[in-house]
Amino acid sequence: MKKILIANRAEIARRIIRTCNRLGIETVAIHSEADGDLPYVSEATEAVLIGPNPVVQSYLQIDKIIEEAKKRGVDAIHPGYGLLSENADFARKVARAGMIFIGPSSDIIEKMGDKIESRRTMIQAGVPVVPGTEEGVTTLEEALQQAVEIGYPLMLKASAGGGGIGMVRCENEQALTQQFDSVKNRAKAYFGDDVVYLEKFIADARHIEVQIFGDHHGNLVHLYERNCSVQRRNQKVIEESPSPNLPLDVRERLCAAALQAGKAVNYTNAGTVEFIVDSNNEFYFLEMNTRLQVEHPVTEEVTGLDLVEWQLTVADGGKLPSQDKIQTKGHAIEYRVYAEDPKTFFPSPGKLEKLQWGEGARIETGYEEGNQVTPFYDPMISKIIIHGSDRADALSKSQTFFNRVTINGVKTNIPLFKEFIGSEQFVSGNYATAVLPEWMEKTKEEHTL
């Protein structure tokens, strides 16, 4: 591959460009009108204005993106994460246009993108799955009937999409009745499909995922696990590896189950198998993400590998190293810095009047001082990744780093990090997915955010 178009924006586009530059691969960046001044646009070999600000008129314009790629003699397209990264139709059209889609095949994306279908596939493969419905639930009456068998509390989820938008927790029959139509409507609006299903809510759960990689020669390996349990509105905020207080035998079984899941669909390229782990260290398959994750730098820091380079190698027909060549060292933590009110999590768009980072961290950012964080896209400004010899060292370095950061012009969640990462709940490592909202509720009188 000599030239790659990056069908994404900001931080992840910049991240991909960096690896391509090191490997001598030319890059084509696409950008909306709002993103024209962002660093990735000038750092790419070529840049293309793809459309107006709304994503549906720019970054989601499949046919236009492919047309621009063909015009510029592109060999492959990297979708990044989000946007079109898990769009099977996009992957299919890229292949039909004679270009390489840097990711798994459209068939795998389609199969794993349908959460109900992925659950069925994992059950057949012998991977533990959260108890729930194996078919889509179409009516409220059906949902209420199934809920009696599953038991409350439960999760009502969109089959075609993940994240906080596509799910809601229902404590009882009344909550399920109130939320059913709302979740179906959101699923239709955001994912183009209103099919929903029910899943048992696992109390005191940790969200732990395993990074897997497959090549086109039948090799499938894992790159160990990440703990993603610090969340706001069911969306990850802090990720770390290795997962604290996870027994070695559970870690080994999680990684083995992830490979079992990958083998069930003949997985290729980068993927992540997500699990819920309960208080007894029993784990259940949650979903498979058929793309590079936002938190991939955590794995890069502990393994010393470049996962974007691995993606390019696999897409170009290369072979992966054997499992015994993949080792981890130390501890890494990633913090997602958002332009948002740290108390309400409401977006805080605006101009980055001052953007001064501390030392001792890897900073993946799509912005520079003077850039505008617009209201059109996800408000993540950057990812801060800190590596230490162990978890205590990584936490100490984190505190030092955040005390030296200055961001003016927008509100950010950095004040939240500065308080939370020193809390007993986080420092102990004994935390579940409810840790952040519970900590905020418990300490709201003391907050100086």
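Me: What share of the contacts with a separation of 6 or more comes from residues 24 or more positions apart?
Reply: It is 66% in this chain, with contact meaning heavy atoms within 4.5 Å. This is a predicted model, where local features need pLDDT of at least 70, side-chain atom pairs count only at pLDDT 80 or more, and totals for chains, interfaces and linings use all residues. Residues are numbered from 1 along each chain as its sequence is written, and side-chain values use heavy atoms, with hydrogens and water left out.

Me: How many of the 449 residues count as buried?
Reply: 56% of them do. Buried means under 20% relative accessible area, exposed over 50%, and partly exposed in between (1.4 Å probe, protein chains only).

Me: How many residues are in the largest nonpolar core?
Reply: That core has 116 residues, and Phe90, Ile238, Phe275 and Tyr335 have the most contacts inside it. Such a core is a set of buried Ala, Val, Leu, Ile, Met, Phe, Trp, Tyr and Cys residues joined through side-chain atoms within 4.5 Å.

Me: Which helix gives the most to this core?
Reply: Helix α9, residues 248-264, with seven residues. Helices here are DSSP runs (H or I, at least four residues), numbered from the N terminus.

Me: Different topic. What does the C-alpha trace span along its principal axes?
Reply: About 55 × 50 × 45 Å.

Key: Helix = DSSP H or I, 4+ residues; strand = E, 2+ residues; numbered from the N terminus.
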